[in-house]
Every structure is written in C-alpha cells, then in structure tokens.
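Hi there,

Here is the structure I promised to pass on. Have a look at it first, and my notes follow below.

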Amino acid sequence: MTVLEGIQKSAEFLVKKNVESSRLQAELLLAHLLKMPRMKLYLNFERALTPAETDGFRELVRRRGQREPLQHILGSTSFCGFEIAVHRHVLIPRPETELLAEAGWNFLSTLNPQPSTALDFGTGSGCLAIALALKSPGAHVFAVDVSPDALTLAQQNAAHHQLTERVQFSQGDGFAALPPEIKFDLIVSNPPYIPSAEIETLEPEVRDYDPRGALDGGVDGLDFYRRLAVEAGAFLKPKGKLMLEFGEGQAATLREIFEKQKWVVEAVLPDYTRRERILIARR
Ligand SMILES: C[S@@+](CC[C@H](N)C(=O)[O-])C[C@H]1O[C@@H](n2cnc3c(N)ncnc32)[C@H](O)[C@@H]1O
C-alpha cells in the first residue's frame, strides 16, 4: 500500500465512523506515525508503506474510528502556538480558550513594567497558565486544579516550557488551594460549564474522553460562576480583573449573577463564530 492509498482508505473508513474532516485526520495520523510534517506526505504519495508502518497506521485509524480524539492519539495539541501535552485526565484545550488567554496577556501587558500575578482557576493541562506566563515575562502565575492527575501533567507542560520558576501549581478545591492572603492582578478561568444532563448529548470525543470533572457545571452549568462571583473578589487586587470563558447562551444569566454580587461587567467578548463566550469583570 502506498502513502496515498493508505490515506484514501483510512479517510473512507473514518467517514463511515462519522469522523469530521476525515481526510485531514488520516493525513495527520500518518504524518505522526512517519514523523514528518503533513505537507511532506504530498511529496511521498507513491512511497510504499512497510508492513510495520501499515500495521501502525491501521491501529491509529482504528482508535480514531472509535472516536478517540486526535489529540489523545498524537499526545499533544497546540495552544496559542505552544505545544501542550494532553491525556484523558485533562480537557483538550479549545481554540476559543486562546481568546481568553489573549485577553489575559493583553491586560497584563498594561501593567508593565510592574511585575504582575495571575491565577488560572481550574488549570487542566495548564494551557492558560502557560500561555499567560510565556506571553507575560514579568508575570508570576498560580494554577489550581482539584485533579491531581491534571496537575501532574500541567506541571510537566510548564517544565517543558521552562516555566518551573514562574508557574506555581496547587492542588485543591478552588480558592481553598491558595494561601488566604494572596491577591492577583488577574484571575482567568475556563471552568466546567456544561449542564449535567447535556453531557450525554455531546460528541463521543467529548462525552467519552474529556474528564467529566472538566465538563460538568451542575444542573444549569453555572455552579462554578456562582462560586466565582462570591469568592473571587477577595483574591483580586483593587484594579484586578476576572476573565471567564462560558458556554453558548449563558451570557445574560452570568451578567446577572456577577452584577448581583457587585461586580462591574466591563465586557463580554465573542468567539471566532461571534457567539458571546468571555466575560471580563472587576470589583
Ligand atoms: C473546562 S476544564 C479547563 C481546563 C483548562 N483551563 C482549559 O481551559 O483547557 C475545567 C478544569 O477545572 C477543574 N476543576 C473542576 N472542579 C474544580 C474545583 N472545585 N477546584 C479547582 N479546579 C476544578 C477540572 O479538573 C478541569 O481541569
């Protein structure tokens, strides 16, 4: 079997398994297996795959056909251009969360040349904490998560980016994981926000492979926001900001929740599809 034949057959198989962008997915899996950039496959279409390569490719495509996320099979993803390792104990970082990271580092840059501190509440893979630290060289970033397995990976990701000195991890239940007197210039969070009953309706890649504790936001999906609205203020400096990702359709209720707790909602930003997804608030 040649490279091209392998890609074509695999793409056909993945279509039958309802995998989106099946040809692209097949190419990415084969490029990963052959340890070459995807574009280089195009120069190698007529190359014959060895029996070992054919077997290896078949196994990767079989896993993807079972709707295991591509990022889990590859072992990593890109977040704000930085490589982040992922596995089944962390949420796979999403493109819309890059917008939250960008809003965060833009705000931190306005505080320059003062050193700044930021908190990533529910850090998962560590993607937000890592992107903030890499883009804000003067910032010290704290990252908390309730999941010890997530934190272990987040720490490895930070070490991979030489951030051991500037990103500090604590395991525990939200703010209880932090020293009580600490105050931040910025708190970012992409908390779990899927209403519990909706989880079963999600695509298999999310439903079966993202950790439930990273998805489940309680009955209406808003448990973590109610908690942040009450608790986050005590951990912010006077001019500090709270920046939160939330789910589609949650903006209006979130505004109410935060305004009721005496927050000023400064902005609600849209994602790439123009849906409101990020709330920026201050005390
Ligand atoms: C939606 S994921 C976000 C992960 C990562 N920040 C991202 O944007 O890709 C939410 C994270 O919050 C963590 N989490 C859930 N409950 C928590 C709690 N009570 N305290 C701290 N972290 C919690 C989960 O373990 C999960 O890693």
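What distance separates the centres of domain 1 and domain 2, taken over C-alpha atoms? The answer is 35 Å. Domain 1 covers 3-66 and domain 2 covers 87-282, with bounds that come from an automatic or database domain assignment.

A word on the basis: this is a predicted model, in which local features need pLDDT of at least 70, side-chain atom pairs count only at pLDDT 80 or more, and totals for chains, interfaces and linings use all residues. Residues are numbered from 1 along each chain as its sequence is written, and side-chain values use heavy atoms, with hydrogens and water left out.

Now to the helices, where helices (H or I, at least four residues) and strands (E, at least two) are DSSP runs numbered from the N terminus. Helix α1 (residues 3-16) packs against helix α4 (residues 51-65) at about 20°, with the axes 10 Å apart; axes are lines fitted to C-alpha atoms, for helices over the stretch in contact, and angles run from 0 to 180 degrees between N-to-C directions. That makes α1 roughly parallel to α4 (angles under 35 degrees count as roughly parallel, over 145 as roughly antiparallel, 65 to 115 as roughly perpendicular, and the rest as oblique). On the α1 side, Gly-6, Ile-7, Ser-10, Phe-13 and Leu-14 meet Phe-57, Val-61, Arg-62, Arg-64 and Gly-65 of α4, where contact means heavy atoms within 4.5 Å.

Helix α2 (residues 22-34) also reaches α4: their axes come within 10 Å and cross at roughly 135°. That makes α2 oblique to α4. Among the α2 residues in this contact are Leu-29, Leu-30 and Leu-33, while α4 contributes residues including Phe-57, Leu-60 and Val-61.

A few backbone details are worth a look too. Most residues other than glycine have a negative phi, and most peptide bonds are trans. Ser-21, in the loop between α1 and α2, has a positive phi of about 50° although it is not a glycine. At 46% relative accessibility, Ser-21 is partly exposed (buried means under 20% relative accessible area, exposed over 50%, partly exposed in between, with a 1.4 Å probe and protein chains only). Arg-274, in the loop between β8 and β9 (276-282), has a positive phi of about 70° and is exposed at 76%. The peptide bond from Asn-112 to Pro-113 is cis, with omega near 5°; Pro-113 lies in the loop between α6 (95-110) and β3 (116-121).

Best wishes
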